[in-house]
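Colleague: I've just opened this one and could use a quick tour. Can you walk me through it?

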Amino acid sequence: MSKIAPITLSAVQTDDFEQLVEIRIAAMRESLERIGRFDPERARERFRQGFSPEHTRFIEINGRKVGFVVVKPVLNQLLLDHLYVLPKAQRKKVGSQVLAHIFIEADTQGLPIRVGALKDSDSNRFYQRHGFRRIEQDEFDNYYIRHTIRNIDS
């Protein structure tokens, strides 16, 4: 079995926007095409509306950017707003490593994590496998929560 390369999370700057959009489009393309909603310009504009460099980090393996994650503090919880991994780096435990980092941050702060996923996306199984529980849904998305793990000795 091959060894899983460790990831690092690195800061994003405002001028990284175009690179982030390209990662987002590449990562979401298959899921959005499956439901007939693939529109690169719509994806670009939706991302631009909520772009917040201070909450965004590149996911890197051996210095190569393979994705990004956005985690925002919202109303006594962390919103996992985006987690995108390029197709060539998917199914290699990259997302699991990213979640491990986020779980540590959330548990340290004592905050739950909320995330949304397209209904027909493989990400639904991914989040459920990592302890997220579905709490609601709408026409296109499922929404999940992962409660903080508290130290019972404290």
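This is a predicted model: local features need pLDDT of at least 70, side-chain atom pairs count only at pLDDT 80 or more; totals for chains, interfaces and linings use all residues.

Colleague: Okay, strands. How do β2 and β3 pair?

Modeller: They pair in the antiparallel sense over 6 bridges. Strands here are DSSP runs of E, at least two residues, and helices are runs of H or I, at least four, numbered from the N terminus. Two strands pair if DSSP finds at least two bridges between them. Phe58 has Phe68 in β3 as its bridge partner.

Colleague: What's in the turn between β2 and β3?

Modeller: The two form a hairpin with 2 residues between them, and Asn62 in the turn has a positive phi of about 50 degrees. β3 and β4 also form a hairpin with 2 residues between them, where Leu75 has a positive phi of about 45 degrees. β3 and β4 run antiparallel, joined by 8 bridges.

Colleague: And how do β4 and β5 run, parallel or antiparallel?

Modeller: Parallel, over 3 bridges. Leu78 has Ile113 in β5 as its bridge partner. In β5, 5 of the 6 residues are buried, meaning under 20% relative accessible area; exposed is over 50%, and partly exposed is in between (1.4 Å probe, protein chains only).

Colleague: Switching topic: which residues touch the most other members of the largest nonpolar core?

Modeller: Leu80, Leu83, Leu99 and Tyr127, out of 25 residues in that core. β2, β3 (64-74), β4 (77-85), α3 (94-109), β5 (113-118) and α4 (123-129) each supply at least two of its residues, and the largest share, 6 residues, comes from α3. A nonpolar core is a set of buried Ala, Val, Leu, Ile, Met, Phe, Trp, Tyr and Cys residues joined through side-chain atoms within 4.5 Å.

Colleague: Now Glu60. Buried or exposed?

Modeller: Glu60 is buried, yet has no salt bridge; the nearest side chain of opposite charge, Lys65, is 4.2 Å away. A salt bridge needs a side-chain nitrogen of Lys or Arg within 4 Å of a carboxyl oxygen of Asp or Glu. Lys and Arg count as positive and Asp and Glu as negative, while His and the chain ends are not counted.

Colleague: Which side chain makes a polar contact with the Glu60 side chain, then?

Modeller: That of Ser10, at 2.5 Å. A polar contact is a pair of N or O atoms within 3.5 Å; within protein, one must be able to donate a hydrogen and the other to accept it, and residues adjacent in sequence count only if both atoms are side-chain atoms.

Colleague: How many salt bridges does the structure hold?

Modeller: It holds 10. One joins Glu136 and Arg114, with the closest N and O atoms 3.2 Å apart. Glu136 lies in strand β6 (residues 133-137) and Arg114 in strand β5, so this pair ties together parts 22 residues apart in sequence. Glu18, Glu22, Glu41 and Arg44 are linked in a network of salt bridges.

Methods: Residues are numbered from 1 along each chain as its sequence is written. Side-chain values use heavy atoms; hydrogens and water are left out.
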